[in-house]
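Trainee: Could we go through this model together? I would like to know what stands behind each label.
Mentor: Gladly, ask away.

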Amino acid sequence: DVSPRTFSRYFATKEAVCLALVDDAVDVAAVELAGLPDDMNHLEALYRASVTMYRNTKTAGIGQLTAPRLMCTLRIIMSSPTLRQATMEFRPHAVNVELARRMDVDLEDCGLQLVAAVWASIIMTALADLGLDTGWQGVDIDDAVERIDTTFAQFAGLIGGVAQPA
């Protein structure tokens, strides 16, 4: 119930609107991340926080991040290559701020940006086949979580034998 002019003051581009929707989920995931042990592997912590955030949308109340709202956000993002790219770019949102705190680094730290980029790649890979041609009525939170579970397990298996530099 706002005028287009007022709306445009808050959101200069459609990417900004979508990033605001993404930030709702990111804010919830950051709270979950903050509740995990600091000594947990960073990617494992991101995985657990994200999966918990997704699952909690199924019981969220009015005014909270609900499953339909999250699925609508996913549908919008996954249907646009431009929006997919925009969501993957590093920015100082709540999860990255919490991750920096966990890692005891600042937001410009290369290691932080690497972990964030790897996590973004895992999520985008997990959801990659969802797009314009997807029958979204048949896709729910459990499907998204299953995709993330499978992709994270595959990633963990791939890096499990990676040797550390001497």
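Trainee: Why are α4 and α5 called roughly perpendicular to each other?
Mentor: Angles of 65 to 115 degrees count as roughly perpendicular, under 35 as roughly parallel, over 145 as roughly antiparallel, and the rest as oblique. The axes of α4 and α5 cross at roughly 110° and come within 6 Å. α4 and α5 are therefore roughly perpendicular. Axes here are lines fitted to C-alpha atoms, for helices over the stretch in contact, with angles from 0 to 180 degrees between N-to-C directions.

Trainee: Which residues make the contact of α4 and α5?
Mentor: Ile76, Ile77 and Met78 take part from α4, and Leu83, Arg84 and Thr87 from α5. Contact means heavy atoms within 4.5 Å. By class, these residues are four nonpolar, one polar and one charged. Nonpolar covers Ala, Val, Leu, Ile, Met, Phe, Trp, Tyr, Cys and Pro, charged covers Asp, Glu, Lys and Arg, and the others, Gly among them, are polar.

Trainee: What should I keep in mind about the source of these values?
Mentor: This is a predicted model, in which local features need pLDDT of at least 70 and side-chain atom pairs count only at pLDDT 80 or more, while totals for chains, interfaces and linings use all residues. Residues are numbered from 1 along each chain as its sequence is written, and side-chain values use heavy atoms, with hydrogens and water left out.

Trainee: How many helices and strands are in the protein chain?
Mentor: The protein chain has eight helices and zero strands, and its pattern along the sequence is α-α-α-α-α-α-α-α. Helices (H or I, at least four residues) and strands (E, at least two) are DSSP runs, numbered from the N terminus.

Trainee: What makes Thr73 buried?
Mentor: Buried means under 20% relative accessible area, exposed over 50%, and partly exposed in between, with a 1.4 Å probe and protein chains only. Thr73 has a relative accessible area of 7%, so Thr73 is buried. Thr73 sits in helix α4 and, leaving aside neighbours within four places in sequence, is in contact with Leu21 and Val22. In the protein chain, 37% of the 166 residues count as buried.

Trainee: Why is Val118 called partly exposed?
Mentor: The relative accessible area of Val118 is 24%, so Val118 is partly exposed. Val118 belongs to helix α7 and touches Leu43 and Phe155, not counting residues up to four places away in sequence. Val118 and Leu43 are 75 residues apart in sequence, with 8.3 Å from C-alpha to C-alpha.

Trainee: How do you know whether Gly35 is buried or exposed?
Mentor: Gly35 has a relative accessible area of 63%, so Gly35 is exposed. Gly35 lies in the loop between α2 and α3.

Trainee: What phi does Asp104 have?
Mentor: Asp104 has a positive phi of about 60° although it is not a glycine. Most residues other than glycine have a negative phi. Asp104 is in the loop between α6 and α7, and its relative accessible area of 70% makes Asp104 exposed.

Trainee: What volume does the largest pocket have?
Mentor: The largest pocket has a volume of about 600 Å³. Of the 30 residues that line the largest pocket, the closest to its centre are Val22, Val26, Thr87, Trp119 and Ile123. On a 1 Å grid over the protein atoms alone, a pocket is an open set of points with protein on both sides within 12 Å along at least five of seven lines, and lining residues have an atom within 4 Å of a point. Grid points are joined across faces, edges and corners, and the volume is the space filled by probe spheres set on the points.

Trainee: Which element gives the most to the lining of the largest pocket?
Mentor: That is α7, with seven residues. By class, the lining of the largest pocket has 22 nonpolar, six polar and two charged residues.

Terms used: 1 Å grid on protein atoms, 1.4 Å probe; cavity = no way out; pocket = protein on both sides within 12 Å on 5 of 7 lines; lining within 4 Å.
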